[in-house]
Amino acid sequence: MDKGAKIFVAGHRGMVGSAIVRRLAAAGYTNVVTRSRHELDLTQQAEVSRFLNAEQPDYIFMAAAKVGGIHANNVYRADFIYQNLIIEANIVQAAYAAGTQRMLFLGSSCIYPRDCPQPIREDHLLTGPLEPTNEPYAIAKIAGVKLCESYNRQYGTKYVSAMPTNLYGPNDNYDLATSHVLPALIRKVYEAKRRGDKTYEVWGSGRPMREFLYVDDMADACVFLMENEAIDAGLFNVGTGVDVTIRELAETVMQVVGFDGEIVFDASKPDGTPRKLLNVDRLRNLGWQARTSLRDGIALAYADFLAKYREV
C-alpha cells in the first residue's frame, strides 16, 4: 500500500479497528479515514453508499461488527445475524460500486464446524454443523466470506478474508453480560481481589480448549495481508497455533492480577465448542506469525483494564 493511499477503517472505535488504526499510524500511513457510529450508520444502505461514493477509498479494513461472548451470542441471536449480515452486505456492495478494489473482511474462527478436526484448516469451512450457541453470528460471518469470494469471481475485486481466533487487548469489552471469556475473567478476578473474596466463578467445566491472540498482533496480520499485493483473495486463519484449557487461562489471569483465591466452576453454564485451535500454516508460510505470548498479552490487557475500567 502506498503511504498516502486513502484507507477506510470501518469500526475504528472497536478493539480490532482501533488496533488497525494504531498499526497503520505506526507504519506511516497518513490518509486513514474513520467515522463513528453517530456519523455513519453502517446498517443503512443509502448512508454507506453515499459515504463510500464520496470518499472512494483505495483500501477498506472491514472491522465493524456486532460481537459478544457466548451469553450474548446465544440470547441476542436475531441481533447478531441481522446486524452483521446488513453491515457486511452494505459495505461490500458500496465498496464495489465506488471502485474500491482492495478490502480485508474480518470474520471469526466460530465460522468453522463445532466438531472440526484440530487444528482447523481453512478448507474445513462448511464441512459440518456449527456450534449452536453462536450459530447466527457464524452464519453471518460465513456469508461475509462468501460475499467477498463472489464479488471477486464476478467483478474481479481483490477482497481478502481473515479469520482470527479469540482476540483480547486494549479497548476490549468488560461487561460481564456481553463480553468474551478472557476480558470477563480479568474483570471477575479484579473484583474478587478488590472485595477480598476467597473464590471466583468461571462458567462451564474448565475443560474446553481455546486459542487467544493479542489484538495488536491481529492488526499486524491484517496490514501484512493488505500490503502484500500478491494476496488478492482467499481465506486466512490468524492465530498463534497454541491453545490452553479454560482452567489454565483462568489460572494465568489469577497470576497476572495477583489473586490468591480458588476457582469455582459453574458446570450448569455452557462450555461451547470443546476445542477451537486454528491451523495457521497458510499465513505462517507467507512470513507472518504472532509475537505476543499469552501471559504478556494478559498483562498488557490488565493494564488497559486498570487504566480505563477501574470503576466499572
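The paragraphs below lead through a predicted model, starting with annotated positions and moving on to rings, strands and the backbone.

The UniProt record, an unreviewed entry, places the feature "binding site" at K188, W203, R210 and D271. W203 belongs to strand β7, which covers residues 199-203. Its relative accessibility is 30%. Since buried means under 20% and exposed means over 50%, W203 counts as partly exposed because its value falls in between. Apart from neighbours within four places in sequence, W203 is in contact with I70, H71, K188, D266, K269 and P270. One of these contacts, K188, is itself named in the record's "binding site" feature.

With a relative accessible area of 31%, D271 is partly exposed. If residues up to four places away in sequence are not counted, D271 touches I70, G204, S205, G206, P208 and R210. R210, one of these, is another position in the record's "binding site" feature. Which side chain makes a polar contact with the side chain of D271? The partner is the side chain of S205, at 2.8 Å.

The next topic is aromatic rings. A pair of aromatic rings is described by the distance of the centres and the angle of the planes. The model has a count of 10 aromatic pairs. Among them is the pair of F80 and Y137, whose centres are 6.0 Å apart and whose planes stand at 85 degrees to each other. This pair is called edge-to-face because the angle between its planes is over 60 degrees. F80 lies in helix α4 (residues 77-98) and Y137 in helix α5 (residues 135-155), so the pair links distant parts of the chain, 57 residues apart. F80 and Y137 are both buried. Elsewhere, ring pairs join Y174, Y190, Y302 and F305 into a cluster.

The charged end of K3 sits over the ring of Y29, 4.2 Å from the ring centre. In another case, the charged end of R282 sits over the ring of F236, and here the distance to the centre is 4.1 Å.

Now consider the strands. In a regular strand the side chains alternate between the two faces of the sheet. Strand β1 (residues 7-10) can be read in this way: I7 and V9 point one way, while F8 and A10 point the other way. How is this group of four placed, buried or exposed? All of them are buried. β1 pairs with strand β2 (residues 32-33) in the parallel sense, over 2 bridges. Within this pairing, I7 stands opposite V32 in β2.

A further set of 3 strands forms an open sheet with mixed pairing, in the order β11-β8-β13. β11 (244-245) and β13 are the edge strands, as each pairs on one side only. Strand β8 (residues 209-210) pairs with β13 in the parallel sense over 2 bridges. Across these strands, the bridge partner of M209 is R275 in β13.

The backbone comes next. Most residues other than glycine have a negative phi, and most peptide bonds are trans. Against this background, the peptide bond from Q118 to P119 is cis, with omega near -10 degrees. P119 is in the loop between β4 (102-106) and α5. Q56, a residue other than glycine, has a positive phi, near 45 degrees. Q56 is placed in the loop between α2 (45-55) and β3 (59-62), and at 46% relative accessibility it counts as partly exposed. N171 also has a positive phi, near 70 degrees. The loop between β6 (166-168) and α6 (181-195) holds N171, which is partly exposed at 27% relative accessibility.

The last stop is E55, in helix α2. The side chain of E55 makes a polar contact with the side chain of R35, at 3.1 Å. Leaving aside neighbours within four places in sequence, E55 is in contact with K6, V33 and R35.

Notes
Residues are numbered from 1 along each chain as its sequence is written. This is a predicted model: local features need pLDDT of at least 70, side-chain atom pairs count only at pLDDT 80 or more; totals for chains, interfaces and linings use all residues. Side-chain values use heavy atoms; hydrogens and water are left out. UniProt positions are given in the numbering used here, feature names are shortened, and annotations may be inferred rather than shown by experiment. Buried means under 20% relative accessible area, exposed over 50%, partly exposed in between (1.4 Å probe, protein chains only). Contact means heavy atoms within 4.5 Å. A polar contact is a pair of N or O atoms within 3.5 Å; within protein, one must be able to donate a hydrogen and the other to accept it, and residues adjacent in sequence count only if both atoms are side-chain atoms. Rings of Phe, Tyr and Trp (its six-membered ring) pair if their centres lie within 6.5 Å; planes under 30 degrees apart count as stacked, over 60 as edge-to-face and the rest as tilted. A charge sits over a ring if NZ of Lys or CZ of Arg is within 6 Å of the ring centre and within 35 degrees of the ring normal. Two strands pair if DSSP finds at least two bridges between them.
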